[in-house]
Amino acid sequence: MIAAEISAALDVLVQGQVLAQNKEAGRLRDHLWRNAEHLRQYLWSFEVENAPAGLSERYVNDALARFIRTLEFVPLPPGERVLEIGSNPYFFHILLHKLFPNCNIQGTNYFDHDVFSAQVGAMTQRTRSQAFQEEYEFASTLLNIETTPVYPFPDGTFDLVFFCETLEHLIVEPLSVFGKIRRILKPGGHLIITLPNAVRLTNFALMLEGYNFFDVYSSNGINGRHNREFTLQELIALVSENGYRIVRAETWDRFDYDQIDIWSSDYTGVSDKLARRKSDLITMLKRCGGKLTDRGDNLYILAQVPV
């Protein structure tokens, strides 16, 4: 990267920080979307310790739009103490630290293939950007959020918890986590949940063409794949049943599928481009009387613990 690009990306982050501190949510949203390419270049530049080669570019390209959308759900100010469940590989974690420097931001992770383990530990992991001359050493609590009976945080520790792109990976006691998270949130604290939408339009497109839309098995163990995805109405019900108040709930596409191709991915070993566009899929659903709403790629929920 050239010096001008580095300077521009840093300016974007500083301006975002100011907008967040001034609680200008609308301007912050517009600022981040307008400067998404600067954010992409910044996050691309980080290399996570012991991560596979090429991870940064692949991960950020897939997740950047979701990161920015998730940030739209953050209440301003987010509070003093924030937890990100599943903080590795730290790209979103870095954005949180950049935009909310006055917050105490913690993370949890779990890498053990023993899905029944209830052991609690700790780790630190570095991520470094040579281009920006930045290095972070993130400490995180290691725990299996399904089988650990009580998370190692006192009651009411956090103002905000991010539970993003994690629920779909759980397999043993997935629904137990909502109550456990609620205990560590302060009264009035917020929970942000994101995960893939089981009934997204891209799944509909794959089914129409006879492709499998389920995840292939993962070399990272049983938690490495999507074990169960949910619909928006399911997630609203589960969150509400566990004592939260729904503040905002919606689905949203990471990409414009009238412009971006939909591809298959399965055990045939061939990735095929589908001749389907979003507008075509919506038209087909209309003709057959199918539900048109809540068909976006991902589910997004902002929930609050009652005061």
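Visitor: Is C103 buried or exposed?
Guide: C103 is buried, with a relative accessible area of 14%. Buried means under 20% relative accessible area, exposed over 50%, and partly exposed in between, using a 1.4 Å probe on protein chains only. This is a predicted model: local features need pLDDT of at least 70, side-chain atom pairs count only at pLDDT 80 or more, and totals for chains, interfaces and linings use all residues. Residues are numbered from 1 along each chain as its sequence is written, and side-chain values use heavy atoms, with hydrogens and water left out.

Visitor: How many disulfides in total, then?
Guide: The count comes to zero.

Visitor: OK, cavities. How many of 30 Å³ or more?
Guide: One. The largest cavity has a volume of about 30 Å³. A cavity is a set of points, on a 1 Å grid over the protein atoms alone, where a 1.4 Å probe fits but cannot get out. Points are joined across faces, edges and corners, and the volume is the space filled by probe spheres set on them.

Visitor: Which residues line the largest cavity?
Guide: C103 turns up again there, along with P78, V82, L96, F100, I105, L160 and F162. Lining residues have an atom within 4 Å of a point.

Visitor: What about the second largest pocket, how much space lies in it?
Guide: About 400 Å³. Of its 20 lining residues, N212, F213, F214, D215 and H226 are the closest to its centre. The lining divides into nine nonpolar, four polar and seven charged. A pocket is an open set of points with protein on both sides within 12 Å along at least five of seven lines.

Visitor: Switching to helix α9. Which residues are buried?
Guide: L281, I282 and L285, in a helix that runs over residues 278-287. They line one face, because seen down the axis the buried residues fall within an arc of 100°. That arc is taken from the directions from the helix axis to the C-beta atoms. Helices (H or I, at least four residues) and strands (E, at least two) are DSSP runs, numbered from the N terminus.

Visitor: What do those buried residues pack against?
Guide: α7 (201-208) and β9 (262-263). The face turned away from the buried side carries the exposed residues K286 and R287. Just after α9, G289 takes a positive phi of about 75°.

Visitor: Last one, F111. Where is it?
Guide: F111 sits in the loop between β3 (104-109) and β4 (121-129). At 45% relative accessibility, F111 counts as partly exposed.

Visitor: What is F111 in contact with?
Guide: N88, M123 and L142, leaving aside neighbours within four places in sequence. Contact means heavy atoms within 4.5 Å.

Note on methods:
Disulfide = S-S within 2.5 Å. Nonpolar A, V, L, I, M, F, W, Y, C, P; charged D, E, K, R; others polar.
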